[in-house]
Amino acid sequence: MDINQVLDSLEKFVQDSAAQVVAWWQNLIVWLAQQFAAFAKVLEGWGVPAHKSLASAYLIAYVTLGVLFLLCVWRLVAIRRKRRRVTAARLHKKAESPGIKPPASVPESEVPAQGESKTEAGIDEASEPLAIKSGEEQGLSVYERMRHGLAKTHRSLFGKLDAILGAGTKVDSDTIEEIEEVLVSADFGVKTTQKLVTVLQDRLSRGEMQQPEQVRKALREEILSILSRQDCTRNIDAHQPHVMLVVGVNGVGKTTTIGKLAHQYKQQGKRVLLGAGDTFRAAAADQLVAWGERADVPVVRHSEGSDPAAVAFDAAKAAVAREADVLIIDTAGRLHTKVNLMEEMKKIRRVLEREIAAAPHETLLVLDATTGQNALMQARLFQEAVAIDGIILTKLDGTARGGMAVAIAAELQVPVRYVGVGEGVGDLRPFDPEMFVDALFENH
């Protein structure tokens with residue numbers, strides 16, 4: 001069978017199929033007309049005038065279909081609410097897991113001011129707050145937790161470097177090229193890798209790098225230099241309250257990070273207030289409330305789907321009235337490509353600035369280290385849209401891409417403020433460049 005026969009058969013099949021569809025559609029229309037005519041006769045028997053019976057039949061059919069549609073919508077909404085309640089129940093169950101004990105009493109600073117109710121301040125009344133067991137109580141120092149969290153990056157980076165820089169290795173241009181490949185695979189980024197390689201090549205040309213250990217030392221010094229160029233600290237006592245706006249896409253651990261930040265500031269003796277500005281994602285406010293209960297921190301929230309700027313307004317008012325030291329505002333996980341969501345973010349900033357001078361004093365972008373170069377792209381686009389002041393890099397313990405912290409500091413000139421090196425509440429650590437590099441380069 002040649003190609004022409006195949007095409008002829010295909011054309012005949014299409015024509016026959018189209019004819020069958022048209023015939024079926026015509027039969028369906030005729031059948032519907034017959035049914036409506038029969039129903040109109042029934043209506044005439046019930047006393048409906050003959051000239052109105054057919055129109056009445058159509059009207060009844062449309063109303064019936066409309067009711068069925070609304071019932072389907074109601075059922076879908078009921079299912080969604082049930083799922084949301086199940087999610088909230090799981091979060092509360094997790095908050096009440098073993099090892100978490102309620103404190104003996106609530107600090108006096110968390111009692112509303114005289115004449116001000118929690119409802120008027122926009123603050124949820126939660127059940128008895130829960131205390132969290134910190135990382136220090138588990139017997140690990142800050143450095144040990146950082147070292148443990150960077151173990152995968154260390155094995156990936158220095159396992160390959162050790163293979164290249166073995167005993168007796170002659171350091172030459174070929175060695176530098178192999179190191180370049182290793183740095184790119186650890187997500188140091190192309191631009192950052194080129195900077196590091198240029199430094200190594202310069203030292204090699206000057207005869208300063210003859211031994212493998214000198215290569216490691218040169219890498220360590222240059223990485224530390226890159227990370228130390230930006231000030232990673234922040235004086236939160238300069239404003240009262242110090243307002244932090246936390247942004248990022250869904251799934252990066254934004255709400256969990258806010259809960260850990262609230263716990264750390266609470267442990268430092270600060271009066272902390274949280275604003276549940278993520279009114280878009282189902283159960284987002286419930287999740288933040290659960291974290292607030294665990295950290296013994298009040299939360300300002302509205303109903304799901306409400307205006308995030310209104311939440312920010314009430315949170316700012318409550319923070320001023322309660323003389324809070326720190327106000328942390330959660331936001332919806334918004335894609336950096338959606339212009340309307342970015343405009344919403346700008347509206348939140350305007351509301352905060354109107355209520356509290358120079359607020360927000362800090363805008364932190366939460367990034368998932370496991371997403372590699374995509375995280376760097378997010379950081380670049382968010383920086384253009386909402387003026388990022390610092391980065392929080394989460395899930396660093398679950399990836400071998402710890403070089404992302406170096407790439408962000410080198411390419412965006414935005415400081416990394418915190419790094420997440422574990423699931424514990426004490427594993428979100430203020431970023432210390434020297435400690436980071438020591439933990440990265442030390443033999444594990």
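## A helix tucked inside

Met 404, Ala 405, Val 406, Ala 407, Ile 408, Ala 409, Ala 410, Glu 411 and Leu 412 are the buried residues of helix 13. "Buried" here means under 20% relative accessible area, with exposed being over 50% and partly exposed in between (1.4 Å probe, protein chains only). That's nine of the nine residues in helix 13 (residues 404-412), so this helix is largely enclosed by the rest of the structure.

## What you're looking at

This is a predicted model, where local features need pLDDT of at least 70 and side-chain atom pairs count only at pLDDT 80 or more, while totals for chains, interfaces and linings use all residues. Residues are numbered from 1 along each chain as its sequence is written, and side-chain values use heavy atoms, leaving out hydrogens and water.

The protein chain has 14 helices and eight strands. Helices (H or I, at least four residues) and strands (E, at least two) are DSSP runs, numbered from the N terminus. Of the 444 residues in the chain, 44% are buried.

Strand 5 pairs in the parallel sense with strand 1 (residues 242-247) over four bridges, and in the parallel sense with strand 6 (residues 390-394) over five bridges. (Two strands pair if DSSP finds at least two bridges between them.) Leu 364 is the bridge partner of Val 246, and Leu 365 stands opposite Ile 391 in strand 6.

## The second largest pocket

A pocket is an open set of points on a 1 Å grid over the protein atoms alone, where a 1.4 Å probe fits, with protein on both sides within 12 Å along at least five of seven lines; lining residues have an atom within 4 Å of a point. The second largest pocket has a volume of about 360 Å³, counted as the space filled by probe spheres set on the points, which are joined across faces, edges and corners. Of its 21 lining residues, the closest to the centre are Gln 264, Gln 268, Tyr 418, Arg 429 and Pro 430.

Which helix gives the most to this lining? That's helix 8, with four residues.
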